[in-house]
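Here is a short report on one protein chain, written to be read with the model open beside it.

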Amino acid sequence: MAKESTKVTKRAAKTDAPTKKRTKKDPSAPKRGLSAYMFFSQDQRATVKEESPDATFGQIGKLLGEKWKNMSDDEKKPYVKKAEADKKRYEDEKAALS
């Protein structure tokens with residue numbers, strides 16, 4: 001014979017609250033601009049992977065983050081310029097749809 005459970009789970013307690021539905025993303029909308037860090041990450045991921053081939057995906061991300069943090073503003077400048085250009089591209093494409 002199965003034992004009756006009187007424990008109230010979090011999921012059961014949350015059913016009383018109204019749920020918010022996420023709106024569907026417009027497939028024709030332009031892709032958002034990448035950040036300077038993301039441009040750096042794309043550029044350096046292969047190098048970091050070569051330096052530590054046994055590192056997991058998360059560990060590679062941490063190594064990239066440390067590298068980015070230790071860079072000077074002058075070293076970051078090319079990535080910042082790419083990010084600004086990509087942001088402008090996104091804003092132009094977004095304005096063209098409106």
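Start with Trp68: leaving aside neighbours within four places in sequence, Trp68 is in contact with Ala36, Tyr37, Phe40, Lys76 and Tyr79. Bear in mind that this is a predicted model. Trp68 lies in helix H3, and with a relative accessible area of 16% it falls under the 20% cut-off, so Trp68 counts as buried. Its C-alpha atom is separated by 8.5 Å from that of Ser41, 27 residues apart from Trp68 along the chain.

Now for the helix that carries Trp68. H3 takes in residues 57-70, which makes 14 residues. Which residues of H3 are buried? They are Ile60, Leu64 and Trp68. Seen down the helix axis, the buried residues fall within an arc of 75 degrees, so they line one face of H3. The general rule behind such a pattern is simple: an α-helix has 3.6 residues a turn, so residues three or four places apart point the same way. Over on the other side of H3, Lys62, Lys69 and Asn70 are exposed. As for what covers the buried residues of H3, the cover includes H2 and helix H4 (73-97).

That brings in the partner helix. Two packed helices are described by the angle between their axes and the distance between the axes. H2 and H3 pack at an angle of about 120 degrees, and their axes are 9 Å apart. The crossing of the two is right-handed. On the H2 side, the residues that meet H3 include Ala36, Tyr37, Phe40, Ser41, Gln44 and Val48; on the H3 side, those that meet H2 include Phe57, Ile60, Gly61, Leu64 and Trp68.

Two residues of H2 deserve a look of their own. Ala36 is found in H2 and is buried, because its relative accessible area is 12%. Not counting residues up to four places away in sequence, Ala36 touches Trp68, Tyr79, Val80 and Ala83. Tyr37 also lies in H2, which covers residues 36-51. Is Tyr37 buried or partly exposed? At a relative accessible area of 25%, Tyr37 counts as partly exposed. Beyond its neighbours within four places in sequence, Tyr37 is in contact with Gly61, Leu64, Gly65 and Trp68.

Leu97 takes us to another part of the chain. Leu97 lies in helix H4 and counts as exposed, because its relative accessibility is 53%. Where does Leu97 make contact, leaving aside neighbours within four places in sequence? Its partners there are Ser28, Ala29 and Pro30.

The table puts some C-alpha pairs side by side.

| Pair | Separation along the chain | C-alpha separation |
|---|---|---|
| Ala36 and Lys82 | 46 residues | 6.9 Å |
| Tyr37 and Ala83 | 46 residues | 8.6 Å |
| Trp68 and Ser41 | 27 residues | 8.5 Å |
| Leu97 and Pro30 | 67 residues | 8.8 Å |

Finally, zoom out to the chain as a whole. There are four helices and zero strands, and read along the sequence the pattern is α-α-α-α. Of the contacts in the chain with a separation of 6 or more, 67% are between residues 24 or more positions apart. Of the 98 residues, 18% count as buried; Trp68 and Ala36 are among them. The chain exposes about 9,000 Å², and carbon and sulfur atoms supply 54% of that area.

Notes: Residues numbered from 1 in each chain as written. Predicted model: local features only at pLDDT ≥ 70, side-chain atom pairs only at ≥ 80, totals over all residues. Heavy atoms only, no water. Buried < 20%, exposed > 50% of the residue type's maximum accessible area, 1.4 Å probe, protein only. Contact = heavy atoms within 4.5 Å. Expected span 1.5 Å × (residues − 1). Arc of directions from axis to C-beta. Areas by Shrake-Rupley, 256 points an atom, 1.4 Å probe, with all protein chains shown as cover. Axes fitted to C-alpha atoms, helices over the stretch in contact; angles between N-to-C directions. Left-handed = near helix turned anticlockwise from the far one by under 90°.
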